[in-house]
Amino acid sequence: MARLALALDATTEDRLLADLVEHDHTVVARLVGWRDLLESLDVLAPEVVIVGAGRGTLSAKLLQACDERGIRIIGLASGDAERAHAAQLGLHEVLDRSVTWPEVEVLVSGGVPVPSRLGETSARPSRAASVIAVWGPAGAPGRTTVAVNLAAEIAAAGHTVALVDADPYSGAVAPSLGLLDEAPGFASACRLAGADALDRAELERIVQRYSAPRASFNVFTGLVGPSRWPELSRDRVTAALGAIRAWVEYVVVDTGFSLEHDEELTSDQFAPRRNAATFATLAAADRVVAVGLADPVGLSRLLRGHGELIDLVEPERVDVIVNRVRTSALGIDAHSQVRQTLRRFAGLDDATLLPHDGKGADAAILTARTLRDAAPRSPLRAAIRDYAFDALLPVPEPARRRGFAFPPVRRPATG
């Protein structure tokens, strides 16, 4: 159920209104132009705005205002001219004006926050948090980008989230989000967990907070130098993740790339292991997201790494994401080529493909923000958000039908 504001022509509005109400959405306003809508955003507080894609109902000022308030905007275009206008402004979620409501519902439900709980009642059983491990082979396939933005989208859906940097080789979460990294938060959590002293008060003391409108989350920063990897022993990492998952609803972990069993390289079977943190995270994870790069080298690494990964993790716990899918590296019909490669060499029929979006990714890294904050209409952000809603978040429970009163219609005066 979402709070919707409409700025559509009368014919389109009347055609969609009955189905809109049938899906339990609330219409908070039915306005005429983008100026009326812009002036009403703070008062009405809609979650989604549906507007015509023409110049009278869609403007750069309206898009900027919606972005600043975390409001999703969907455009309905009557022709190529309106589609071009929306594309020029940077609005990607545009449908044909003759569309039926079920097609609009896909976009509305994909951006509506999913409540983390419907009520703080003792009758509802508590649920342990889900641990989501983001892994990928060597070669910078985009593990940190995926982990950071999954955390942001899950937080935007109304859940409490902790993002953990458990990479024993090089922590990248803190600089990606503009956070201080002098004292590695996750290493501190591991030391406290090893001493059986990691309680809620200590978690709140050592954690950092990434703050954003409607999408803030907790961050346990990674190692500041590769020489400190012995602090992330397997037992300590397991205990620390257990304490964190009891504190929040979702834990997203950025892991290391190596799956090498380095104990075979030393005669001391009790010495600390460089990849222990990665193995501990994979063992504790409810879902493992395997990220690969969409080019011949990246796909080769992903396929080899995936074979090693499923020796450690049950295949049903693994989701495959292929990042930066682009024709410049794979030729015509890049999406089809990626899927055929995965199907032929690994038997993978269900993979999520993320588009190459250098502009959005650059904006995020330049401002040390998430895609949701730095480039909210980014195609990459939309793909990560859709994956989070489709694969990671629970299906919202059916809401009870409520009475509906049509708000007044504001039409231009005639005379």
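Which ring does the charged end of R274 sit over? The charged end of R274 sits over the ring of Y169, 4.2 Å from its centre; the term requires CZ of Arg or NZ of Lys to be within 6 Å of the ring centre and within 35 degrees of the ring normal. This is a predicted model, in which local features need pLDDT of at least 70 and side-chain atom pairs count only at pLDDT 80 or more, while totals for chains, interfaces and linings use all residues. Residues are numbered from 1 along each chain as its sequence is written, and side-chain values use heavy atoms, with hydrogens and water left out.

**Helix α2**

- Helix α2 spans residues 34-44, and its buried residues are W34, L37, S40, L41 and L44. Buried means under 20% relative accessible area, exposed means over 50%, and partly exposed lies in between (1.4 Å probe, protein chains only).
- An α-helix has 3.6 residues a turn, so residues three or four places apart point the same way.
- R35, E39, D42 and V43 are exposed on the other side of α2.
- The buried residues of α2 pack against the strands β1 (3-7), β2 (26-30) and β3 (48-52), and against helix α3 (60-69). Contact here means heavy atoms within 4.5 Å; helices (H or I, at least four residues) and strands (E, at least two) are DSSP runs, numbered from the N terminus.
- A45 follows α2 and has a positive phi, near 50 degrees.

**Salt bridges**

- The whole structure holds 19 salt bridges, each defined as a side-chain nitrogen of Lys or Arg within 4 Å of a carboxyl oxygen of Asp or Glu.
- R377 and D67 form one of them, with the closest N and O atoms 2.3 Å apart. This pair links distant parts of the chain, 310 residues apart: R377 is in the loop between α16 (371-374) and α17 (379-392), and D67 is in helix α3.
- R377 is partly exposed, with a relative accessible area of 24%, and D67 is partly exposed at 26%.
- R200 forms a salt bridge with E204, the closest N and O atoms being 3.2 Å apart. Both residues belong to helix α9 (residues 200-206) and are four residues apart, about one turn of the helix.
- R200 counts as exposed at 53% relative accessibility, whereas E204 counts as partly exposed at 42%.
- R245 and D286 meet through their side chains in a salt bridge of 3.0 Å, N to O. R245 lies in helix α10 (residues 234-245) and D286 in the loop between α11 (276-284) and β11 (287-293), so the pair ties together parts that are 41 residues apart in sequence.
- R245 is partly exposed, with a relative accessible area of 21%, and D286 is partly exposed at 36%.

**Aromatic pairs**

- Three aromatic pairs are found in the whole structure. Rings of Phe, Tyr and Trp (its six-membered ring) pair if their centres lie within 6.5 Å; planes under 30 degrees apart count as stacked, over 60 as edge-to-face and the rest as tilted.
- One of these pairs is F220 with W247, which is edge-to-face at 6.2 Å centre to centre, with 75 degrees between the planes.
- This pair links distant parts of the chain, 27 residues apart: F220 is in strand β9 (residues 217-220), and W247 is in the loop between α10 and β10 (250-254).
- F220 and W247 are both buried.
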